[in-house]
Amino acid sequence: MLNIPLMTNNIQKEDIDEAVNFLQTSNRFTNGPKVIEFEDAWSQWLGVKHSVFVNSGASANYITMAVIRDLYGPGEVIVPPITWSSDLSSVFAAGLTPVFVDVNLHNLAMDEEAVLEKLNENTRAVFLTHVLGFNGLTSRLLEELRKRNVPLIEDVCESHGASMGGKKCGTFGLASNFSFYYAHHMSTIEGGMICTDDERFYQMCRLYRSHGMLRESTDREFREEICREHSDLRPEFLFLVPGYNMRSTEINAVIGLSQLRRLDTNNKKRAENLKLFLDNLDPQKYFTEFEQEGAVNYAFVVMLRNPDEDRFYRLTEMLRAEDVEFRRGTAGGGNMARQPFVRQRLKNFDASSLKNADMIHFYGLYTGNYPGLERKKIFELCKLLNSIG
Ligand SMILES: Cc1ncc(COP(=O)(O)O)c(C=O)c1O
């Protein structure tokens with residue numbers, strides 16, 4: 001049996017040792033100096049001014065959309081169908097309206113033309129997901145959004161280290177979101193990050209993370225100005241926005257700092273694995289023209305070249321028999337517009353109009369690509385996949 005899990009050993013002994021040592025030698029465990037140290041290290045690694053550590057990637061999504069609504073008002077957000085549920089639920093929760101556009105098959109992100117077609121005076125943001133380690137941006141899309149003054153939010157929860165033209169994904173938009181869930185490129189067990197160069201966006205994220213409390217702002221002038229406007233309230237308990245408690249802990253930050261040291265080395269291995277995988281997969285049977293430039297994938301996307309239900313069934317049975325773990329669709333299971341919580345809210349939208357998303361939904365899956373995956377196993381996996389008639 002091939003036996004390939006989706007992920008293995010993502011939390012290593014050195015991470016646990018650091019966490020244990022921290023627990024034994026410290027007396028502050030909630031959001032504190034270690035969180036700040038991790039945020040600073042992450043900002044430096046990514047190449048942004050500010051990062052806000054939160055307790056999940058979903059929390060990063062929720063806070064980001066709340067801030068978009070506060071800064072730009074109610075309206076539409078352009079979203080992909082190939083993404084995670086919180087990329088949609090965060091838009092609904094903020095009182096914004098998601099507008100779907102289909103993805104392209106080469107990087108599974110929103111198609112540039114389709115995005116541009118949907119832009120209008122009600123568009124408040126484009127919320128692009130870099131799917132499973134592929135860069136989903138083009139310089140033309142960036143240029144057009146800049147020209148039209150439409151904020152871009154990048155969801156990089158599945159793509160830590162992916163890049164375009166040598167610059168990391170997560171640095172192109174107004175803000176970006178990352179997840180450190182166990183199955184991703186690096187893990188803090190649970191965790192997420194919001195990153196931005198924008199001072200105002202940063203301050204708002206800090207407030208939203210901690211109950212909406214003004215004292216979370218690091219901008220003294222801003223704090224003083226708001227306090228003057230609300231002289232009936234105490235500065236320590238001035239709740240400026242309808243915030244959440246989405247803080248993480250010092251322990252998670254310690255694990256993050258330890259993990260970050262290995263991220264680049266691991267990512268290099270993942271990129272090599274992907275190349276090996278795509279070079280050996282039969283292009284007659286499978287779609288193999290994925291954009292590898294700047295890609296850093298924790299998963300191998302296996303998508304049939306042509307729709308064929310029987311073949312897809314044989315494929316999944318074979319993987320099960322060989323104990324190769326997989327997820328149908330993509331990280332979020334495929335076409336998100338088909339999910340009940342979306343259908344209930346967008347009653348007139350025809351989810352089946354998203355043809356490429358449906359192709360991945362019905363005839364695509366992914367298997368694990370972790371740094372320790374042996375070359376031999378990648379060859380064997382391809383041989384197995386290519387043998388399916
Ligand atoms: C694109 C994307 N966004 C957001 C999330 C949510 O991250 P988390 O699981 O850390 O809440 C995920 C989760 O895997 C994701 O794939």
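I began with the open sheet of three strands, which has the order β10-β12-β11 and antiparallel pairing. I took strands as DSSP runs of E of at least two residues, helices as runs of H or I of at least four, both numbered from the N terminus; two strands pair if DSSP finds at least two bridges between them. β10 (299–303) and β11 (326–328) each have a single partner strand and stand at the edges, so one side of each lacks a neighbour in the sheet.

I noted that this model is predicted: local features need pLDDT of at least 70, side-chain atom pairs count only at pLDDT 80 or more, and totals for chains, interfaces and linings use all residues. Residues are numbered from 1 along each chain as its sequence is written, and side-chain values use heavy atoms, with hydrogens and water left out.

I then looked up the pairing of β10 with β12 (residues 364–368), which is antiparallel over five bridges. V302 stands opposite L365 in β12.

I turned to the ligand. Of the 15 residues around the ligand (a heavy atom within 4 Å), G57, A58, D155, E158 and S179 come nearest. α3 (57–72) and α4 (85–93) each supply at least two residues of the shell, and α3 gives the most, with three residues.

I listed polar contacts, pairs of N or O atoms within 3.5 Å. A side-chain N or O atom of E158 is 2.6 Å from a ligand oxygen. A side-chain N or O atom of D87 is 3.1 Å from a ligand nitrogen, and a polar side-chain atom of H184 lies 3.1 Å from a ligand oxygen. The protein covers 92% of the 390 Å² of accessible area (Shrake-Rupley method, 1.4 Å probe) that the ligand has on its own.

Key
A polar contact is a pair of N or O atoms within 3.5 Å; within protein, one must be able to donate a hydrogen and the other to accept it, and residues adjacent in sequence count only if both atoms are side-chain atoms.
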